[in-house]
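User: I would like to learn how to read the packing inside a protein model. Could you take me through it step by step?

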Amino acid sequence: MTAFGKLIRTTAFRLTLVYLFLFALFAASLLGYFAWNTRRLITEQITSTVNAETEEIGEIYSRRGLRGLVFTIENRALRPGANLYLVTTPTGQAVAGNVGSLTAGVMGSSGWSETEYRRLDDQDKTDHRALVRVTELTSGFRLLIGRDLEERRRLFGIIAKAAQWSLLIVIVLGLGGGIFVARRVLRRIDAMTGTTQRIMAGDLSGRLPVGRSGDELDRLAENLNAMLERIEALMIGLKEVSDNIAHDLKTPLTRLRNRAEEALAKSGNETEYRTALERTIEESDGLIRTFNALLMIARAESGQARDNMDDFDAADVANGIHELYEPLAEEDGMSLHVKTVSAPLHGNRELISQALANLVENAIKYGKPVAALQPLGADAATGSREILIEARRDGDRVLLSVTDSGPGIPEAYRSHAVERFVRLEASRTLPGSGLGLSLASAVATLHGGDLILSDGNPGLRATLALPARARVNERVAAQMQDVPQKVA
């Protein structure tokens with residue numbers, strides 16, 4: 001398609017044509033009304049003048065008779081101007097006046113009419129047009145008084161020519177403006193189209209150009225760029241998850257197959273078969289837990305869990321997790337404590353509980369004090385083995401935190417630790433999938449919050465910082481309190 005073809009097919013150009021047509025129609029209507037009104041005013045002026053003169057000459061005829069009428073008409077006919085006068089006998093013979101010829105039948109009926117005529121003194125023998133009034137006098141004589149319409153025709157022609165030029169200027173300027181606007185919009189659309197074609201070809205790093213005008217195209221480009229950034233992040237995350245699944249699940253699956261093959265190869269007794277099956281079931285349970293964690297992260301990141309949100313107290317969640325994991329912590333030689341105050345929250349209770357449980361499991365697993373971090377001469381066994389679960393409200397946020405006394409995570413590795421299947425070197429010897437912090441981070445993001453990893457002095461403090469939501473009745477009361485402020 002040619003450049004001009006693309007130009008005239010643009011929405012901007014078509015809208016310009018529509019507005020141009022409407023504006024031209026309005027201008028033509030306005031000029032037409034002005035011309036019609038001008039014509040009417042001139043006609044009314046002629047009519048008023050002719051009526052007055054007819055009455056005046058009629059009075060002269062009444063007082064002075066035919067001789068006085070003819071004398072008056074002859075005198076007035078000699079005056080320069082556009083006035084027309086004619087007196088005829090009952091048989092139609094001209095007696096006095098300046099009219100040489102008329103359209104047939106004009107003098108035969110009284111009243112107003114527009115007629116073609118020629119003056120007696122015309123040299124070019126050209127017909128003119130006039131508005132005349134015919135009056136029947138006594139004794140059958142007829143009086144015609146009128147005025148030439150050349151002035152009206154000339155004024156109407158001036159207006160018509162002005163209208164033509166005005167419409168021509170409107171059309172030229174409208175088409176020029178439409179082409180300018182359409183080309184400007186078309187350049188921006190072409191730039192967006194080129195970017196989208198690169199994106200469809202697989203280059204997700206492309207972004208739509210954003211100008212400085214802040215118009216609707218800029219706002220559309222900004223929103224599309226934000227969407228592209230989100231898609232790119234999801235695609236990168238999908239690729240990383242695929243790579244991590246292929247890498248991290250290959251080892252347990254291979255080990256599972258090797259153990260099953262080993263059990264079949266050895267013709268042992270029932271006890272050995274049972275032991276092999278138990279170890280296979282244990283490996284399978286670990287794989288199932290990994291996939292369940294991945295599915296839960298996917299639900300959180302896709303926003304599907306927003307449908308199951310409700311009002312609850314974060315303190316109840318913290319107390320429930322403490323009650324559930326306190327025996328497990330004691331078996332591992334840890335001391336699990338809880339410190340809560342009422343913190344109303346609106347969210348998915350199941351996911352928030354699972355995220356907090358993952359943080360507690362990590363604290364039990366990795367929160368043991370390290371001998372190298374103890375004072376000189378102290379034993380690691382004598383170090384603090386306490387884990388603290390907290391739930392409180394801090395301004396407009398609800399904080400659910402787990403603090404241990406272990407080695408913690410260096411600040412440089414904290415952003416990396418929340419990625420899927422990431423396990424730091426210190427945790428390689430312990431069982432796990434590297435998905436606990438990833439799930440907690442995804443749940444925090446789902447609720448519009450963050451997972452914050454900070455120093456526990458010593459140890460690590462993992463905090464779910466979530467936007468505070470009051471209970472239903474508290475939200476209604478708060479909205480009622482805010483009404484005067486919003487009105488003000």
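User: Is alanine 363 buried or exposed, and why?

Analyst: In this predicted model, alanine 363 is buried, because its relative accessible area is 3%, and a residue counts as buried when that value is under 20%. Alanine 363 is found in helix 8.

User: Which residues is alanine 363 in contact with, leaving aside its neighbours within four places in sequence?

Analyst: Leaving aside those neighbours, alanine 363 is in contact with Met334, Ile387, Val402 and Asp404. Positions separated in sequence can also be compared in space: alanine 363 and leucine 460 are 97 residues apart along the chain, and their C-alpha atoms are 8.2 Å apart.

User: What should I have in mind when I look for a nonpolar core, and which residues touch the most other members of the largest one here?

Analyst: The general idea is that nonpolar side chains tend to be buried together in soluble globular proteins. Here the largest nonpolar core has 41 residues, of which Ile321, Leu356, Leu359, Val360, Leu400 and Leu464 touch the most other members. Several elements give two or more residues to this core, among them helix 7, strand 11 (397-403) and strand 13 (460-467), while helix 8 gives the most, with nine residues. A second, separate core of 18 residues includes Ile46, Val70, Ile73 and Phe141.

User: What does leucine 356 touch, not counting residues up to four places away in sequence?

Analyst: With those residues not counted, leucine 356 touches Val317, Ala318 and Ile321, and also Ile389, Leu400, Val402 and Leu464.

User: How are two packed helices described, and at what angle do helix 8 and helix 10 pack?

Analyst: Two packed helices are described by the angle between their axes and the distance between the axes. Helix 8 and helix 10 pack at an angle of about 145 degrees, with their axes 9 Å apart, and their crossing is left-handed. Among the residues that make the contact are Leu351, Ile352 and Leu359 of helix 8 and Leu437, Ala440 and Val443 of helix 10. The residues of this contact divide into nine nonpolar, four polar and no charged.

User: Where do I find helix 7 and helix 8, and at what angle do their axes cross?

Analyst: Helix 7 covers residues 314-331 and helix 8 covers residues 349-366, and their axes come within 10 Å and cross at roughly 35 degrees. Helix 7 passes helix 8 in a right-handed crossing, in which residues including Ile321 and Tyr325 in helix 7 meet residues including Leu356 and Val360 in helix 8. The residues of this contact divide into 10 nonpolar, one polar and three charged.

Conventions. Residues are numbered from 1 along each chain as its sequence is written. This is a predicted model: local features need pLDDT of at least 70, side-chain atom pairs count only at pLDDT 80 or more; totals for chains, interfaces and linings use all residues. Side-chain values use heavy atoms; hydrogens and water are left out. Axes are lines fitted to C-alpha atoms, for helices over the stretch in contact, and angles run from 0 to 180 degrees between N-to-C directions. Helices (H or I, at least four residues) and strands (E, at least two) are DSSP runs, numbered from the N terminus. A crossing is left-handed if the near helix is turned anticlockwise from the far one by less than a right angle, and right-handed if clockwise. Contact means heavy atoms within 4.5 Å. Ala, Val, Leu, Ile, Met, Phe, Trp, Tyr, Cys and Pro count as nonpolar, Asp, Glu, Lys and Arg as charged, and the others, Gly among them, as polar. Buried means under 20% relative accessible area, exposed over 50%, partly exposed in between (1.4 Å probe, protein chains only). A nonpolar core is a set of buried Ala, Val, Leu, Ile, Met, Phe, Trp, Tyr and Cys residues joined through side-chain atoms within 4.5 Å.
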